[in-house]
Amino acid sequence: MTKLLRCMLLMALAITWNSIAFSQTNLRGKIVDAKGDPLPGISIKVKGTSGGTATAADGSFVLSVMPNSILEVSGVGYPAQEFPISGQTEINITLTASNAQLDEVVVTALGVKREKRNLTYSTQEVKGDELLKSKEPNVVNALAGKVAGMQITSSSGTPGASSRIVIRGNTSIFGENQALIVVDGVPINNDETGNLYSGPGTNRLSDIDPSTIESVNVLKGAAATALYGSSGARGVVMITTKNGALNRKPTLSFSQDLSFEKPLVPEVQTTYGQGDGGVFYNGENRKTSAVWGPRMDTLTIGGRPAPVYNQMDLFFRTGVTSNSTVSVNGGGANSSYFASYSYFDQKGTVPQTDYRRHSIFTKFTNRITDKLSATVAVTYSNSGSNRKPEGYVLESPVWTIYTAPVSWNPLPYSNDDGSQRVFRFSRNNPYWVLDHINNAATVNRFIPVITLNYNATNWLTITERLGADIYTEQSKYVEAPSDMLATRGQIIDRNYNFRQFNNDLMVNAHKDFGKFNTMLLLGSNIYSSYNQTMQATGKGTSIDGFENISNASSITYYENHYLTRKFGFYAQANVEYDRFLNLSLTGRYDGSSVLAKNNSFYPYGSAALAFVFSEFLGANARNWVDMAKLRASVATVGNDGVKPYSLLTPYESAANIGSIVFPFNGQSGFLLSPMLGYPNLKNERLNEVELGFEGRFFKSRLSLEASYFSKKTIDGIIPGVTTSAASGYTSTTLNSAKLQNKGLEVLLNATPVRNSRFRWDVALNYSRIRNKVLAINDEAAEPILQLGNGFTEVIKGQPYGVIFGGRFARTGDGKLLVDDGGLPLRADTDSIVGNITPDWMGGLGNTFRYGAFSFSFFFDVKMGGDIQNNVDGYGYFYGTPKVTEDRADRVVAGIRASDGKVNDVTVRGQDYWRRLNSILEAVIQDGTFVKLRNVTFSYDFPRKLIQKTFVKDATFSVTGRNLWIYSPHFTGADPEVSSFGASNGSQGIYSFSTPTSRSVNFSLKVSF
């Protein structure tokens, strides 16, 4: 009987299980927001079970459910909601919670996600799709004009050229000012490398493929970056990469971009030919650098009108850029994946210049148990570049092209005897340079990030994140012997190895106590960085075309390597009361290996408060005010400005001591460095106060954010401070500088029109920053009031980055003083002639969507900010700028210095322009510009056209970049360049760099 009962029971269970199994159905659905836009990544679970899925990019999902089940739906920025199922097989869900936009989640310091309404500081997000619209190969350039308070400066138009990214002004006089770059919570290197001669290198953020970026969050102020302690003073750019999706079939996407670039070159005069004083020089048997010859329309050669050679059109070519990307993403019940490969190939407008990049990115997330999950992301890139010397060095081909006469044919570049054909002495033929001088670099980079999350309870999470940044660069500069410059030829070989490791262990607790919402973050950080440089320079090559350093007759070699370590503890506490008051406290305690033991640990921290006063508004006001918040913060952070071994006085290799040349009899020689190490050096410190307002209105159709900040850098590091000769040293390094920045930032977003078919979005940002050098070294017996810094000067009491040099001599009431020959005089003493800091910056973007069509355009504005235009400055001597077409005789309006009488002496136009060449003030120009930075038109192919194919989605777009530039006071082509790279001292100069370009890009993206 017992056996029979068991059998019956088992049969009943089997029938019940079979009934349950076969009663399950596949539920198909789509989730959208209140505007009807699809919501990807929304979690859907069946209540009471472990089964679940997430929505795809189009908001769709498929889930196996039982009849009368209840769906639990939740997502980033949306509270959990329940939706009952009554046997249907399809469902459409609209998340209409009034606080959906208010609870927007953003990525903050250390990769921690927080609701934006609770933030007590300023942060701004740029979506990955917005970056891709710009069609910029470098992520830095893609951010230009889009973030209030951020200044982006391109160095050159050469492929792979670096760009500079500064947030809220310069915070260090001689140290690093560019923002800290963080990818998926791990800091990465963004140094400028690859250049072995004149001109810019490549900033290493260019190794990141923009198509793998989900979003970029910019943390601007010290309160936002305090968790980074001694690295937080410069602001932080947080890059979050793309993820896969749970319970989603593999989606394969392919995109192809093809771009054509036309160089933006300065106008030059084509009216006059080569010569001097109106006399023609043919550039063959009569050579000169001057282009002060006869008018071309009157010049005859061999009885025929002289041909005109447009040097710009002959030399520069149309650049072509191709970018191919393929990606796949998807996932199962417990894991998701995203993988992509891209090949970027840019051929520059200067012949034989290029930049190529292979990028591989993979990201895999797996829920190992109900409590433990792991994410592994790996970035690998291989890039190679070829560039030519830039700037005003003798080897720069752009210099020669910009100043070459239109009466001279530059080809062929060699004579019958093999020597160079040139129109002037001491300058290479630019076409000879293309074949005989090159700077090549190859980089292999590997960035792995491993993140483990353990959800100990529903309120406690433990995170372990380990990341690395490893790359090697091999660069080589080859210069053949030049009979024109009497150079022997040289080869430079450099190998650079960089390794950086970062580990964070974090405990994050989040719990509610009545009306209190609390969050506590505790963590520790271990960081190490190692770099090694090995360089050999060979002089005097003898075998033509043999690009091996063994070809050199003399070889010098040097090696340096640095290992630094940092250990830190940090904590952050956030307490929110009743959704209207939020207090945030942050502290970090760092220890650094580069500092003295008694000075190696130091604290940083912040305190911030946010008051959401819209919670107290009346019912009428709440109908149109979604959220309004005031915030205030004070913070202190640092800038890692102390270089390895700065505390010591190291030995340096000696070339000679008196008449003894080393190596001597096989023995190397070393001497103590003339710069005395200072054992009490400490990191630079920045103290900042920030006040802000944030508001969202009319159901999030209008949002406004405004921030005011005042920050002061103290303990600024000044290297090379002169010491008494009696000490036996020439200089030392001190913490003595002070620098101040004050600014206002405004960000406005609006949706003036929004309906089922048409939508218009507007984004506007504005920033105004004022800075001042408060001190350089006031404590010395003879205080330092001024120091050189590359092309600019640091002067106490003046803005950071003023241009200092020769100015026009003037009377007390501002009239020009001229000499007895009738030409302007240079003042006896030099002074400030310009300021590179702009008065204000702004950006305006508009996006229009109608059905399958989208049209957007973006204007970038910079008002003020002076530029030293060296192209004109040197051109005034040669007679090549467009303005020198006015070369008639003239009387310069001014006062004769000798007798105080009004000038009445007539001078030649040639003499006038050449006099301006010697006075720096004459080439300082206002860099104000308005740029139509990009215009994009795109079309999404309707589903009905592709529904019978294997194609899921297809989009075609056309994008124009730099289509229009208005710069009323600048005579160059593009005022947004700094010709010698991204360093502090290279800013504010326009000097014979490879021109930037105007381009048109065609793009097709298809998903399968």
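Modeller: Phenylalanine 1008 sits in the segment after strand E60 (997–1007); strands here are DSSP runs of at least two residues and helices (H or I) of at least four, numbered from the N terminus. One caution: this is a predicted model, where local features need pLDDT of at least 70, side-chain atom pairs count only at pLDDT 80 or more, and totals for chains, interfaces and linings use all residues. Residues are numbered from 1 along each chain as its sequence is written, and side-chain values use heavy atoms, with hydrogens and water left out.

Biologist: How far is phenylalanine 1008 from lysine 952 in space?

Modeller: 5.1 Å, C-alpha to C-alpha, though the two are 56 residues apart in sequence.

Biologist: Switching to aromatics. How many pairs are there in the whole structure?

Modeller: The search finds 48 aromatic pairs. Rings of Phe, Tyr and Trp (its six-membered ring) pair if their centres lie within 6.5 Å; planes under 30 degrees apart are stacked, over 60 edge-to-face, and the rest tilted. Take tyrosine 602 and tyrosine 604: ring centres 5.4 Å apart and planes at 75°, so that pair is edge-to-face.

Biologist: And are those two tyrosines buried or exposed?

Modeller: Tyrosine 602 is buried at 8% relative accessibility, and tyrosine 604 is buried at 5%.

Biologist: What about tryptophan 624 and phenylalanine 697?

Modeller: They form a stacked pair, 6.0 Å centre to centre with 25° between the planes. The pair links distant parts of the chain, 73 residues apart: tryptophan 624 is in the loop between helix H8 (619–622) and strand E35 (625–639), while phenylalanine 697 is in strand E41 (residues 684–697). Tryptophan 624 is partly exposed at 40%, whereas phenylalanine 697 is buried at 13%.

Biologist: Which residues make up the aromatic cluster?

Modeller: Among them are Phe315, Phe316, Tyr392, Trp399 and Phe992.

Biologist: Last stop, arginine 204. Where is it?

Modeller: Arginine 204 is in the loop between strand E16 (202–203) and strand E17 (213–219). It's buried, with a relative accessible area of 1%. Its C-alpha is separated by 9.7 Å from that of glycine 194, 10 residues apart along the chain.

Note on methods: Buried means under 20% relative accessible area, exposed over 50%, partly exposed in between (1.4 Å probe, protein chains only).
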